[in-house]
Amino acid sequence: MKKKYNYGTAILAAFEYLLENHPEVFVIGQGVWSPWYVGNSMTDLDKKFGKNRVIDTPISESASTGAAVGASLVGMKPIIVHPRMDFLLYAIDPIVNEAAKWSYVTGGGGNPKVTIRAIINRGGEQGAQHSQLLHSWFAHIPGLRVVMPSSVADARDLLISSVLCDDPVMFIDDRWLYELEDELPEIDPKPLSLERPKVIEAGDDITIVGSGYSAQLCVEASKLLQKEKFSIEVIDIRILNPFNPDVIVKSVNKTGRLLVVDVGWKTSGFAGEVIASVIENISPNIMKKSPQRITLPSAPAPCSLPLEKAYYPSVELIVESIKDILK
């Protein structure tokens, strides 16, 4: 019988599985003993597995991440938790200059088996320095796998696959998804290297693509449009680096139309990467209309609730854009 989880408790289930079955796994980071920092995704892990395996650190993103990368080079599989992606920027050096490049600069002499969990925590009038989704930055880095689950199943299963992978992985989860609920089967770990973008709603009229929270917006928009007899194909990117566009290309070859939704900025953003990857791989006469993208405005996040409603893409905006493309 399948057990029901929400997105947060699915992440908790992944932590429990990893800590129970893999003694080389430990967790380190700020606020990992506190539900205020990490929601329901790490409840009582320190009590169940001990504070020597679930380690709360002082506020130094660089030091804690550097310690995790170092531990990964001597046989451990650490998970370093950053409760806000914004302040992960203090740890750029150990992530980008060390973990992502170690195997290259040593001629394959070692792989940092480290997972960097970066939590997106925006909205609620938190403003410009507490609301950033920087997935495109990190997807740009060779040697660093980047994963963004949008579903309850992927929240659990992609975290397990990330930690069991021999490469450094950035696992990006989003607090706006924590209340999603679903029934999940027993855990059956799969190699992260085999994971790809996935069709989550089949259709013929248009392909819409998202990752993380934006994928859920696409699903909600698709359900509304199905009531009006539109046939929408929704694809969840899931794996941003290395990015494999084959599933999206196949879909656009069928539909001839493409809309990419990304809750990041437009300039040099991941929506542009998706569109470019598709256009490079299809015949010029396939497209029935130019590809479109919905992104954040080119401005930092506002502190006002009314401005936030205008700032973030909505299901209604996606529905309107799809109808416009299908005219």
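Predicted model: local features only at pLDDT ≥ 70, side-chain atom pairs only at ≥ 80, totals over all residues.
1. Salt bridges overall. The structure contains 15 salt bridges. As background, side chains of opposite charge can pair when their charged atoms come close. Three of these pairs are discussed below.

2. Arg117 and Asp173. These two side chains form a salt bridge, with an N to O distance of 2.9 Å. The pair links distant parts of the chain, since Arg117 belongs to strand β5 (residues 115–120) and Asp173 to strand β7 (residues 169–174), 56 residues apart. Arg117 is buried, at 0% relative accessibility, and Asp173 is buried as well, at 1%.

3. Glu195 and Arg238. A salt bridge of 3.0 Å (N to O) joins these side chains. Glu195 is in the loop between β8 and β9, and Arg238 is in the loop between β11 and β12, 43 residues apart. Glu195 counts as buried at 18% relative accessibility; Arg238 is buried at 3%. Together with Asp154, they are linked in a network of salt bridges.

4. Lys190 and Asp188. In this salt bridge the closest N and O atoms are 3.6 Å apart. Lys190 is partly exposed, at 46% relative accessible area, whereas Asp188 is exposed, at 52%.

5. Glu233. This residue lies in strand β11 (residues 232–236) and is buried, with a relative accessible area of 4%. Its side chain makes a polar contact of 2.8 Å with that of Lys254. Beyond its sequence neighbours within four places, Glu233 is in contact with residues including Val199, Ile206 and Ser251.

Terms used:
Residues numbered from 1 in each chain as written. Heavy atoms only, no water. Helix = DSSP H or I, 4+ residues; strand = E, 2+ residues; numbered from the N terminus. Buried < 20%, exposed > 50% of the residue type's maximum accessible area, 1.4 Å probe, protein only. Polar contact = N/O pair within 3.5 Å; in protein donor to acceptor, adjacent residues only side chain to side chain. Contact = heavy atoms within 4.5 Å. Salt bridge = Lys/Arg side-chain N within 4 Å of Asp/Glu carboxyl O.
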